[in-house]
Amino acid sequence: MKILLKNVILDRKSSDILLENGKISAIAPEISAPDADIFDGLDKMAVLPPFYNAHNHAAMTLLRGYAEDMELFDWLSNHIWPVEAKLTAEDIYIGTRLATVEMIRSGTVYFNDSYWHPEAALKAVKESGMRATLGLLYLGNVSDDAKSANAALIEAAQDIDTIEVSHTPHAIYTVDRATLQKISGMMESDGRKVHIHVSETAKEVADCLKEHNMTPVEYLDSLGLINERAMLAHCVHLTGHDREIIAARGAYIAHNPVSNMKLCSGMFDFEAARKAGCKIAIGTDGTSSNNNLSMIDEMKVAALTAKSVTELPTAGKTADIFHAATAAGASFAGVDAGEIAVGKAADMILVDLDSPVMSGNYDLIADMVYAADPTVIDSVICNGKFLMRNKVIPGEKEIIAAAKDVCRKIASWK
């Protein structure tokens, strides 16, 4: 399938872009491709890399606003986990499908997920056309149901190029040492990535120091879990040595500034991690602790918190923040993307420059980080296919209606 983008703005110039077989095959002022599906940008649509959400619990769209204004461990143990235990695979399919609509509408083409019934999430992702890394479950003692779900996920993901499977132990305080060691060993043999919450709260760090005489990063590193295939979610409370380990091992940090602030986990020091050489990506976390999946919102808060932590207006530069939201996440996902260039994956967004908030256009990246909202996204392309075209996502109304039905069921449990 070929798509020819005509009269789109790339690097301030009107260009044509040809997409073939999931790749960008040509960029030129004039391209002729009679057999291509033509999209005319009318010289008002800018082409940019899309967003790659580095940390998510997608089906938590069903729990948006369910439990608010609570401390993290109370929120999880007494409210979120009990209701999650009642969710069926069909519920999670519907919640994940809703999440894909929300992410696509705000310019996201990939997410790194950790949630129950991942085989149901896979069905939703496949239908959406997005990319994803879906996680094998490890939380406490892995139940027979979780083992069955893990096996179903591995089988279902075979031969799907846009979906991969990772190991997702929840955290060091919910997964025991023996299981973490087992995961480390499996990573050596199966080559999978690992995705885990790390140093999210001061309590987590203090408890780990008391029990192991190591920080969570040092502890996971001692087990062989900090490497170039690791995505470490949150990393709010890092020492200088922690940053050295993460940088030396080539691991990724998933920075979730909105969730961190909402749960009062603390503020991640973006500049300290960047200067240490850490690879920083950006995630939204789930909608129970955010409460949306807009990477555009996340970029602005990431930039502002970087400045607030350092008290330097030069911190959290727009180019660094945009890179974290795009190219860094794409790198973890194993997608050759994050820039619009010949040979790169055909992942991109089309941004309406006639939107009021984009009118100045002195600095497009600064506008995306500080001024934009999801309404500026006109169209989204992933792997050479439209996920949203002229603001239309196929089946969106039906997906929202199904999610509302599940939410009404959840509300009846209170």
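This is a predicted model: local features need pLDDT of at least 70, side-chain atom pairs count only at pLDDT 80 or more; totals for chains, interfaces and linings use all residues.
**Entry 1**

Asp91 belongs to helix α2 (residues 89–105) and Lys409 to helix α15 (residues 396–411), so the pair ties together parts that are 318 residues apart in sequence. Lys409, for its part, is partly exposed, with a relative accessible area of 31%.

**Entry 2: other salt bridges**

How many salt bridges does the structure hold? I find 21 in the search, and I wrote down a few of them.

I looked up the accessibility of both: Arg97 counts as buried at 10%, whereas Glu127, at 42%, counts as partly exposed.

I next turned to Asp320 and Arg274, whose closest N and O atoms are 3.6 Å apart in a salt bridge. Here helix α12 (residues 318–325) supplies Asp320 and helix α10 (residues 270–275) supplies Arg274, so parts 46 residues apart in sequence are tied together. Asp320 is partly exposed, with a relative accessible area of 25%, and Arg274 also counts as partly exposed, at 34%.

I also recorded a network of salt bridges that links Lys2, Glu20 and Asp35.

**Entry 3: cavities**

I then searched the whole structure for cavities of 30 Å³ or more and found two. The largest has a volume of about 300 Å³, and of the 24 residues that line it, His57, Trp81, Ser114, His170 and His197 lie nearest its centre. Two or more lining residues come from each of α1 (72–84), β8 (131–138) and β9 (163–169), with α1 giving the most, six residues. By class I noted 13 nonpolar, eight polar and three charged residues in this lining.

The second largest cavity has a volume of about 30 Å³, and its lining consists of His55, Ser114, Thr168, Pro169, His170, His195, Ile196 and His197. Which element gives the largest share of this lining? I find that β10 does, with three residues, while β9 and β10 (194–198) each supply at least two. By class, this second lining has two nonpolar and six polar residues, and no charged ones.

Notes. Residues are numbered from 1 along each chain as its sequence is written. Side-chain values use heavy atoms; hydrogens and water are left out. On a 1 Å grid over the protein atoms alone, a cavity is a set of points where a 1.4 Å probe fits but cannot get out, and a pocket is an open set with protein on both sides within 12 Å along at least five of seven lines; lining residues have an atom within 4 Å of a point. Grid points are joined across faces, edges and corners, and a volume is the space filled by probe spheres set on the points. Helices (H or I, at least four residues) and strands (E, at least two) are DSSP runs, numbered from the N terminus. Ala, Val, Leu, Ile, Met, Phe, Trp, Tyr, Cys and Pro count as nonpolar, Asp, Glu, Lys and Arg as charged, and the others, Gly among them, as polar. A salt bridge is a side-chain nitrogen of Lys or Arg within 4 Å of a carboxyl oxygen of Asp or Glu. Buried means under 20% relative accessible area, exposed over 50%, partly exposed in between (1.4 Å probe, protein chains only).
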